[in-house]
Amino acid sequence: MTAISTAADQSVAQSAAPLSAPPVAPSAGASVARAGPSGDSTAPFLWPEEGLSRIPFQVYNDPAIADAEQKRLFRGPIWNLVCLDVEIPQPGDYRTNVIGDTPVVAIRGTDGTIRVFVNRCAHRGSMLCLDKSGNRKDFTCIYHNWVYDLEGALQSVAFRRGIRGQGGLPDDFDPAKHGLTRLRVDTIGALVFASFSESVVPVREWLGERMAWNVDRIFAKPVRILGGYTQVMHNNWKLYIENVKDAYHAGLLHLFFTRFGLNRLSMDGAVEVSERGGHHLSWSKMHSDDASGTEYADGKLRSMKDFDLEDKRMLRSWVEYPDGITHMIQTIFPNVIIQQIQNSLAVRLLVPHGTDQCELQWWLIGYESDTEAQMATRLLQGNLVGPAGLVSLEDGVIGSIVQRTTLQDKDRAGVVEMGGHGTESQKGRVSEAGVRGFWKEWRQVLGL
Amino acid sequence: MNDTSGRNDTSGLNGNRRLFLDTTVQHVLAAAALLVAEAAGAIDDERFDDWAQMFTDDCLYRITTRESRAKGWPIGLMHCDGAGMLRDRILSMRHANIFEAHHYRHMVSATRLAPGTKRAVDLNSGVQVHTNFEVIRIMGNGEMALFATGFFDDVVVSSDQGLQFRKRTVVLDSSRVDTLIVVPF
């Protein structure tokens, strides 16, 4: 069927034209506008003419789009989260991860500087660091014993001069040209970002003042890691990101938020969307609302039904920050989430795996300065988040429930008109402005 | 059972040799294994209220991971401090949470004393035992897959209610969880 085709990258279309049955003619609802006749495999991917208030199902299923994301997005003009700096406090400490599909390693040098390299020997491509974390004095490749220093320079090659004049590298081999692939690195708070792009502006500028404000707010004090796990989800990564940016669902799907008044759409709050669209903040203040006169009060919402806990200690909290905001979800384009749910603080990184799977890496954090009582509160509130979280477990499955309905009808689209058609920040959180914002920047970066 | 003190030293081969012959240890392990098996059966049969009754009121039930334990991280995947929180989990699963229907099948190993158990084995004061498990998850559409492996780190105690768990730490081998955990292990 349809493959991506743009002047910028013809090879994408050639390399991964997806095989699928010709689409059926749309009978009702939204359809994706096309330049060519329906079913024409040379027809370019075109966004629906309604604009950002329609999300074509094809974006969740097309291998050509997934491939374009690897090339133009994750290796494009963005910053990718690699790890938290507190994971690698000492010289030689390293932490491996991936940027898109590319294995990378962040390592603290003897000078204290954090560098990020593609985790790949310049010789034959063998992975250099196999463990999730550890400490290295150098990078020695297990395959042929090529050795790189912590700045990525090739230091030695086993049998470079051969044996007794036989074999070895030619005289014109220049080790300086065979170092590790080094990425640009920038940090904000405890977050270590890397980029393949030479042109992207520094992280703080890339985030913009308002988005950087929340990162500074969360990382105002030294943090410590309190937990971590990975949640594998059976949906395209963008369905999860949309879910996080969708403030509308949080007060409807999650009974724990609504029933116990942790986060309701009727509370004081806002959805704030960055200029380019891709970053967002969604926040609320507990105890600030009056649900009377809203749909929360008329008893028709599932998430407001009669339900109570025997032991409510996990709902206890203290006001974490002077601004009084008790619920703050931030996304950093395209795949980073910073979470404050009461006193449960976390950083999440979403990694795509093909079109129909993704994994969510979680870092649960607290502060070095936490008292025992504060720690105990974070521990109990940990029950709300993660794969077994009374709130977050529901987000683990909802994307998969959507994914399965979008497999064939690639010419159909989801409707996102809550809060209008634009991407401007708004006080009301009955809004999908954050979702539209994501697609605005995604389209701009992908050229689609 | 105080007279068994000193004969339960599991450190070193000699200790183990004595252990195998110690009828008190055999009796205790058989009783603990029965409780572990009953708990697994109750979950698999979806008799969750029966399962919750196998815990003392002041129990601590946690799900964590091998990595989390190695790193000394306090927050795992689930943390129920007391039987009330266990019952709340079951109530939430039944009435609050949104997920696709599924059930588990547990396969459990023989139950053994926790490594380093040196003091007298006495169910009145509590005995720490380990049991390996595999959990297969069966979805509503019949799809089956290995969902989790790991071990139960249990403290089993004899009480008015019979044998119960005072503490259960479910240690998952992997830190990767497929989709979600709503049914406890």
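Colleague: Among contacts in chain B between residues at least 6 apart in sequence, what percentage joins residues at least 24 apart?

Modeller: The model is predicted: local features need pLDDT of at least 70 and side-chain atom pairs count only at pLDDT 80 or more, while totals for chains, interfaces and linings use all residues. Residues are numbered from 1 along each chain as its sequence is written, and chains are lettered from A and ligands numbered from 1 in the order in which they are written. Two residues are in contact if their C-beta atoms, placed from the backbone, lie within 7 Å. Of the contacts in chain B with a separation of at least 6, the part that joins residues at least 24 apart is 61%.

Colleague: What pattern does chain B follow along the sequence?

Modeller: Helices (H or I, at least four residues) and strands (E, at least two) are DSSP runs, numbered from the N terminus. Chain B has 5 helices and 7 strands. Read along the sequence, these elements give α-α-α-β-α-β-α-β-β-β-β-β.

Colleague: In what order do the 6 strands of the open sheet in chain B lie?

Modeller: Two strands pair if DSSP finds at least two bridges between them. The pairing in this open sheet of chain B is mixed, and the order is S2-S1-S6-S5-S4-S3.

Colleague: Why is one side of S2 and of S3 of chain B left without a neighbour in the sheet?

Modeller: S2 and strand S3 (102–113) of chain B stand at the edges of the sheet. One side of each is therefore left without a neighbour, because each of these two strands has a single partner strand.

Colleague: Over how many bridges do S4 and S5 of chain B pair?

Modeller: One of the bridges joins B:Thr131 to B:Phe152 in S5(B). Strand S4 (residues 127–139) and strand S5 (residues 144–159) of chain B run in the antiparallel sense, and the number of bridges between them is 12.

Colleague: What angle does the direction of helix H2 of chain B make with that of S3(B)?

Modeller: Axes are lines fitted to C-alpha atoms, for helices over the stretch in contact, and angles run from 0 to 180 degrees between N-to-C directions. Helix H2 (residues 23–44) of chain B packs on the sheet, where it touches S3, S4, S5 and strand S6 (162–172) of chain B. Its direction and that of S3(B) make an angle of about 175°.

Colleague: Is B:Ser174 buried, partly exposed or exposed?

Modeller: B:Ser174 has its place in the loop between S6 and S7 of chain B. A residue is buried if 20 or more other C-beta atoms lie within 10 Å of its own, exposed if 12 or fewer, and partly exposed in between, with C-beta atoms placed from the backbone. Because 14 other C-beta atoms lie within 10 Å, B:Ser174 is partly exposed.

Colleague: What percentage of the residues in chain A is buried?

Modeller: Chain A contains 10 helices and 19 strands. Helix H5 (residues 237–245) of chain A is mostly covered, with 9 of its 9 residues buried, among them A:Trp237 and A:Tyr240. Over the 448 residues of chain A, the buried part is 49%.
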